[in-house]
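Subject: The structure you asked for

Hi,

I hope they are handy to keep beside the viewer.

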Amino acid sequence: MNGTHPTTIGVKVDRIACAPYWWYPRGECYIQYNIKVINCGSFFLYQLKEPYYCNSAYCTSTKLLIQRNCSSDGTSFPICPDAVPTIPRPQARPKDEDREYVALRCSWDYFYNASHVEFHVRWFRDSSDVSHAFERKFNGTAAQTNYENLYEHKFYTDRRTGRLVQNPSGYEWNKKAFCKVRGRFHGNREWSMWKSSETIFTGIVVHPRTVYLDECAGNKEVSVSLRPSLPIRKKSFKFEVGYNGKENLGGKICIRGKISNLRCLTELTERHVSYRPLWIRITAVCETIKQLGTTRNNVEVKFHTAVLHPDNNPFWAYYDFLPIKISLGSSNSKLCQSTTDPNIVTFDGRYYNPYQQGTFRLYRNRNSGTEVQTRLNTCCNCGVAIREGYYFKIVELCSSIAAGDPVKIAKTRHTPDMAKYGFYTEEPLEKFTLGKKMIVHLPSGITVTIGRSGFRDDSLDIIISAPEPNDQRGPDTHSEGLCGNFNGDPDDDFEGRSYWEFSQRHRIQSGSAEDIFAYKGNDTEYQELYDACLNEHVCICKSGSKTDERYECDMPGVIKECSPLEQNGQFSEGKKQKYQHCVIASIS
């Protein structure tokens, strides 16, 4: 503080509080705050301003410093007896070096002369650990501004001898390791506060690790990403994938790679990192898993490391993947209907007539990412928009009605059908005219039937078939929208509101981010699918020889080409085509 404290009780004075900055000359008042001080007799009262910077704070003391003209932060000599060095938050990262074994690096900056500073580093194997697994103390130097401490795995090669070393205090697979750093000046007893790094996952992140089949159709192909948090260096990491145990699951596994001992062999290479994962695809078949009987509700997809492979990466060769669990739940489905002008019957059987114009959320399941919206004109449903992930289907008569067309024409805009991924449409052979219907199948197993019943030529009937919610998986499996909450109780479908208030709550603003009718697809995702499709080896175990109710994979399928998106009706005219649907060669 520049200036003295007032000596008269009740007197208030204006003062300037000064804050230094690390690169500014010492003693200068670089950052200034206008404050007020009042003498209250036995104490002083300060009116302070909030500091500009997040690492700034006001410091006070109840006693005078014993030593005057000393450095409180150690940037000059002499250093105050109670001073501690300022240690920034460290970073925990893999050590960047040219060897297969990966060491973790705890690093931090110290821009002052550190020849009189002692650093103290501790490593923790997991975020839940209270006690550290490894620690080290060492002195800084005058010229160095960046410091590090390395933490090796439980098994690593010595940098000097090249021999494999067993390290009992080393880090372990599939943990969230982190480090802490503090410091003190030589001759002082006080340490600075511990500064902790963020955690680093010591393995390969598998997502998703739990797959629920209570919302699957006949086939559901699950894409699983493998994201190495630690680098794969020099040699690739080869491993196999198969079902854990000897249960007969029909061999329904799909993964990039080739067949080896009835499993699919694949590998992670140097190019695979957390932001560029390896994608595998597992085809899960509900009916097949049901054959295991009612007593077995969980099945694991297990990664088997090809340890004995001569060209395998020695560091990763003993890595133990976290398994993927497939849980089988209820597959019973119920219907929600919005028909004619419109008459809505919720999943729980409540009937009502919301006579309102606009766009409304008919059904949403947050767990599967599914949403169905309806657009109402003065009479009926004139449009339906469906979306799940990046799959979408939009069918609407509204624009034809507004144009006064003598024959109402249904226009469509949609993602290409990909039955391979569980998204496909059963459409009428002729045009979608009166008396016809189309059934849209989504990857989650939800189906939406859209019909032109003939009640009126400007109306659509919408019937949604969805699996019963699984309460063990939380409230997200229940539904939202005009179809009700799907909890088995029709009396609470309106959530304690009138049907008018309830329907208004699910109104969608036209053209907003929530409006599926305004959605035109995601070109970035389409391009990523196309890039991933090229030169990809895919093992499809849906085909092959069948003996004793078991399937055995033959030769792997190889993607030879990628076909363009199908034409999306009148909405796609003049647009540049992207690629999405991978064509797989036949399996002999």
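Residues 24 or more positions apart make up 59% of the contacts in the protein with a separation of 6 or more, a contact being heavy atoms within 4.5 Å. Please keep in mind that this is a predicted model, in which local features need pLDDT of at least 70 and side-chain atom pairs count only at pLDDT 80 or more, while totals for chains, interfaces and linings use all residues. Residues are numbered from 1 along each chain as its sequence is written, and side-chain values use heavy atoms, with hydrogens and water left out.

The overall picture

The protein has 4 helices and 41 strands; these are DSSP runs numbered from the N terminus, with helices being H or I of at least four residues and strands E of at least two. Of its 588 residues, 46% count as buried. Buried means under 20% relative accessible area, exposed means over 50%, and partly exposed lies in between, with a 1.4 Å probe and protein chains only. The accessible surface comes to about 30800 Å², and carbon and sulfur atoms hold 49% of that. Those areas come from the Shrake-Rupley method with a 1.4 Å probe, and for residues only the protein chains shown count as cover.

The cores

In soluble globular proteins, nonpolar side chains tend to be buried together. Here, the largest nonpolar core has 45 residues, and Trp-108, Phe-119, Leu-226, Phe-237, Trp-316 and Phe-321 have the most contacts inside it. A nonpolar core is a set of buried Ala, Val, Leu, Ile, Met, Phe, Trp, Tyr and Cys residues joined through side-chain atoms within 4.5 Å. Among the elements giving two or more residues to this core are strand 5 (104-109), strand 6 (117-124), strand 8 (146-151) and strand 16 (220-228). At least three residues come from each of domain 2 (91-202) and domain 3 (204-329), with domain bounds taken from an automatic or database domain assignment.

Leaving aside residues up to four places away in sequence, Phe-119 touches a set of residues that includes Ile-87, Trp-108, Tyr-147, Arg-182 and Trp-191. A second, separate core of 29 residues includes Leu-376, Val-395, Val-448 and Leu-460.

Strands and sheets

Two strands pair if DSSP finds at least two bridges between them. Strand 5 pairs antiparallel with strand 4 (residues 91-94) over 4 bridges, and Arg-93 stands opposite Arg-105 there. Strand 5 is also joined to strand 8 by 6 bridges, again antiparallel; in strand 8, Tyr-147 is the bridge partner of Trp-108.

Strand 1 and strand 2 (residues 31-39) share 8 bridges, and Arg-15 has Ile-35 as its bridge partner in strand 2. Ala-17 is found in strand 1 and counts as buried because its relative accessibility is 9%. Residues that Ala-17 touches include Met-1, Tyr-33, Ile-35 and Tyr-58.

Another open sheet has 6 antiparallel strands in the order 31-30-29-28-27-36. Its edge strands are strand 31 (411-414) and strand 36 (507-508). Strand 30 (residues 391-396) is joined to strand 31 by 4 bridges, with Glu-396 opposite Lys-411.

Strand 35 (residues 461-467) has 6 of its 7 residues buried, so it is largely enclosed by the rest of the structure. Strand 35 pairs antiparallel with strand 24 (residues 333-339) over 6 bridges, where Ser-333 stands opposite Pro-467.

Backbone spots to check

A cis peptide bond joins Phe-77 and Pro-78, with omega at about -5°; Pro-78 lies in the loop between strand 3 and strand 4. Asn-174 has a positive phi near 60° and is in the loop between strand 10 (164-166) and strand 11. Thr-340 also has a positive phi, near 50°, and is found in the loop between strand 24 and strand 25 (343-345). Asn-174 counts as buried at 18% relative accessibility, and Thr-340 is buried with a relative accessible area of 17%.

Best wishes
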